[in-house]
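Q: Please take one part of this fold and go through it closely. I would like the pairing, the packing and the loop beside it, with every cut-off stated.

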Amino acid sequence: MAIHLYKTSTPSTRNGAVESKVKSNPRNHLIYGQHRCGKGRNARGIITAGHRGGGHKRLYRKIDFRRNEKDIYGRIVNIEYDPNRNAYICLIHYGDGEKKYILHPRGAIIGDTIVSGTEVPIKMGNALPLSAV
């Protein structure tokens, strides 16, 4: 991943650097338009609270929180920014051809292999089911 160095325009951006993630177009079957209401508007849609802008249009990414693909290995293909949450997301290509988004596990990089199931090794990115014993 590349490191973006800031050009100094103010004292706060002096010697600043940010690690940039891969930015790509989201997959069409994994996104949908989410209706956003509120933002200081009343029932008629008129702004009643001051200083509430419209914001940028955001598409919602479907995140696989359940991780139901049991004992099927998946490979991290992309690490993307999600505008709807304060976290990065990963695009996973599973061995059976399925493509899903998951929350980015800390320390995972592009090309890592993950799996979910009961007998998987304990490793960053792998998912073990919660079992009632």
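A: Two strands pair if DSSP finds at least two bridges between them. Strands (E, at least two residues) and helices (H or I, at least four) are DSSP runs, numbered from the N terminus. The model is predicted: local features need pLDDT of at least 70, side-chain atom pairs count only at pLDDT 80 or more, and totals for chains, interfaces and linings use all residues. Residues are numbered from 1 along each chain as its sequence is written, and side-chain values use heavy atoms, with hydrogens and water left out.

First, the setting. The protein chain has 8 strands and 0 helices. Buried residues (under 20% relative accessible area; exposed is over 50%, partly exposed lies in between; 1.4 Å probe, protein chains only) account for 26% of its 133 residues. Contacts are heavy atoms within 4.5 Å. Of the contacts between residues at least 6 apart in sequence, 48% join residues at least 24 apart.

Now the part itself: strand β6, residues 88–94. Of its 7 residues, 5 are buried, so β6 is mostly covered.

Take β5 first. β5 and β6 run antiparallel, joined by 7 bridges. They form a hairpin, with 6 residues between the two strands. Y81 sits opposite Y88 of β6.

Next, β7. β6 and β7 also pair in the antiparallel sense, over 5 bridges. I89 has L103 in β7 as its bridge partner. This hairpin leaves 4 residues between its strands, and G97 in the turn has a positive phi of about 95°.

Then the packing. A nonpolar core is a set of buried Ala, Val, Leu, Ile, Met, Phe, Trp, Tyr and Cys residues joined through side-chain atoms within 4.5 Å. The largest such core has 8 residues: I76, I79, C90, I92, Y94, I102, A108 and I114. β6 gives the largest share, 3 residues. A second, separate core has 5 residues, including L30, I63, L91 and Y101. In soluble globular proteins, nonpolar side chains tend to be buried together.

What does Y94 touch? Leaving out residues up to four places away in sequence, the list is D64, R67, E69, I72, Y73, G74 and K100.

K100 counts as buried because its relative accessibility is 17%. Beyond four places in sequence, K100 contacts L30, D64, E69, C90, L91, I92 and Y94. With E69, the K100 side chain makes a side-chain polar contact of 3.4 Å. A polar contact is a pair of N or O atoms within 3.5 Å; within protein, one must be able to donate a hydrogen and the other to accept it, and residues adjacent in sequence count only if both atoms are side-chain atoms.

Last, the loop. R67, one of the residues touched by Y94, lies in the loop between β4 (59–61) and β5. Its phi is near 55°, a positive value in a residue other than glycine. D71 is in the loop between β4 and β5 too. D71 also has a positive phi, about 55°, although it is not a glycine. R67 counts as buried because its relative accessibility is 13%. D71, at 51%, counts as exposed.
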